[in-house]
Amino acid sequence: MSCATLNLPPSLKLLNSCFQPSNKKSCFLSSSFSSVSFVGPLTSYGNKSSWDSCHVIKGLRSFPIVFKCVAEKSELSVSVGAGSNIASEKRLVVLVIGGGGREHALCYALQRSPSCDAVFCAPGNAGISNSGNATCIPELDISDSSTVISFCCKWGVGLVVVGPEAPLVSGLANDLVKAGIPTFGPSAEAAALEGSKNFMKKLCDKYKIPTAKYQTFTDPSSAKQYIEDQGAPIVIKADGLAAGKGVIVAMTLEEAYEAVDSMLVKSVFGSAGCCVVVEEFLEGEEASFFALVDGENAIPLESAQDHKRVGDGDTGPNTGGMGAYSPAPVLTKELQSVVMQTIIHPTVKGMAAEGCKFVGVLYAGLMIEKKTGLPKLIEYNVRFGDPECQVLMVRLESDLAQVLLAASRGELSGVSLKWSPGSAMVVVMASKGYPGSYEKGTVIQNLEEAENVAPTVKIFHAGTALNSDGNFIATGGRVLGVTATGRDLEEARDRAYQAVEEINWPGGFYRRDIGWRALPQKQLAPKK
């Protein structure tokens, strides 16, 4: 029986308020055990022969399904019939929204969660499907809230984890929460912390959160005059979402003027660049800080540091991230406490005071200033960073599904996280030409050999597909996240680069110095 009572409008885009429904209408799964597998029109990226109408969802018990929508506040309830020898228990089916390396890492961690029965990923990618970390649903239109809600009801999804920023800014979490589906991710209004840099800056001003001095402009002449007054180096940012490419660190006035023209005159970022934030250049060391937030409470994740520039030695243009490691020595325990007190907690309280509670993960891009040694907020993202998520998920030992469910319910108070000792590193392999234009469809080989370098190596797929010969091909700019753990950062680095060098991909490249700030330089042999 389908969710006949569910009659929802398309994505809600509220402008001035957030909502926390008091009576959640949740989708529940009621089942009786048998030997029959799930039947449905789902497809998979991972097998050379396509699945037609029947397949087994990895890790999920087999039983015929009856779905109902009921008014309730509890989580997904899986009830097994009297004929079964399996005791009744509450276990989660999770849907991850997205299809990149971050989402692959989330699927990997969720699949390992003891309370998680199965993981779906929409749209997913070939690597996620092939790994068995999730059942990918490429045909699910994640831009259509009603379609996502219907899927959740049909398949008994008890938690939705939204990976990318775009669905959040579009209001997917709003609609899911209104439908009573537990969702980890902020409302469209709260997602403005990432969706508008001007919004974030104004919040910092109002609640005295340390950040770089700035001004906002829509007129190119006024922006250039301000830049001339301030001098270079200086930072130019597109106000809206620009796929990680909307920040220009201009080392000269000419570069700054060109950046302004590209955004305000040439509209290279479309509507995302119709307003620009011109910001002072901060000198110091960048670090990434993550906190899980339930609307009122926040708990920190382990520290991580990424590498934004495309070239070795932090040279070249900014990217979405070419590698990361965890923990980050620059973020000492004392500094982490300062970040929570001066940046995270004021943000959470400020958003609540503005009538828009934040639920999800706050990703603070920080600069540890050279002259003061104190952190300043560079930017907020409202989702797990990519590739930082990869190194965090391979180190997390807690039940991720239960932690994210607690956050979605406002129940993080008292929750603590367990992390594996040692370190983790991810080296991103990207298509040659990235972050500019690049060729798609280049063949990638020896991925299995690379993962077999050591038991602690895991390759997360960000932009791959399978060609007609069953070979992986590159479909994006950042394509693979070769990740490894070790007793310390040096061992994690050695294992990650050993795996990278096993991969045969003439169309790809990677930085050879990930972790250079935290480790002594170690020259790697040129790849043959």
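Helix α8 passes helix α9 in a right-handed crossing. This is a predicted model, so treat what follows as a reading of that prediction. Let's start with that helix pair and then move on to other parts of the chain.

**The α8 and α9 pair**

- Two packed helices are described by the angle between their axes and the distance between the axes.
- Here, the axes of α8 (residues 220–230) and α9 (residues 253–265) come within 10 Å and cross at roughly 160°. Angles over 145 degrees count as roughly antiparallel, so α8 is roughly antiparallel to α9.
- On the α8 side, the residues that meet α9 are P220, A223, K224, I227 and E228. On the α9 side, their counterparts are L253, A256, Y257, V260, D261, L264 and V265.
- What kinds of residues make up this contact? They divide into nine nonpolar and three charged, with no polar ones.

**Helix α7 and what follows**

- Helix α7 covers residues 197–206, and its buried residues are K197, N198, M200, K201, L203 and C204.
- After α7 comes K208, which has a positive phi, near 55°.

**R102 in helix α1**

- You'll find R102 in helix α1, which runs over residues 101–111.
- Is R102 buried or exposed? It has a relative accessible area of 8%, and buried means under 20%, so R102 counts as buried.
- Leaving aside residues up to four places away in sequence, R102 touches G163, P164 and E165, along with R383, F384, G385, D386, C389 and Q390.

- Strands of a sheet pair through backbone hydrogen bonds, either parallel or antiparallel.
- How many bridges link β22 and β25? These strands pair in the antiparallel sense over two bridges, with β25 covering residues 472–474.
- I444 has F472 in β25 as its bridge partner.

**The chain overall**

- The chain holds 14 helices and 27 strands.
- Of its 528 residues, 56% are buried.
- Take the contacts between residues at least 6 apart in sequence: 72% of them join residues at least 24 apart.

Methods
Residues are numbered from 1 along each chain as its sequence is written. This is a predicted model: local features need pLDDT of at least 70, side-chain atom pairs count only at pLDDT 80 or more; totals for chains, interfaces and linings use all residues. Side-chain values use heavy atoms; hydrogens and water are left out. Axes are lines fitted to C-alpha atoms, for helices over the stretch in contact, and angles run from 0 to 180 degrees between N-to-C directions. Helices (H or I, at least four residues) and strands (E, at least two) are DSSP runs, numbered from the N terminus. Angles under 35 degrees count as roughly parallel, over 145 as roughly antiparallel, 65 to 115 as roughly perpendicular and the rest as oblique. A crossing is left-handed if the near helix is turned anticlockwise from the far one by less than a right angle, and right-handed if clockwise. Contact means heavy atoms within 4.5 Å. Ala, Val, Leu, Ile, Met, Phe, Trp, Tyr, Cys and Pro count as nonpolar, Asp, Glu, Lys and Arg as charged, and the others, Gly among them, as polar. Buried means under 20% relative accessible area, exposed over 50%, partly exposed in between (1.4 Å probe, protein chains only). Two strands pair if DSSP finds at least two bridges between them.
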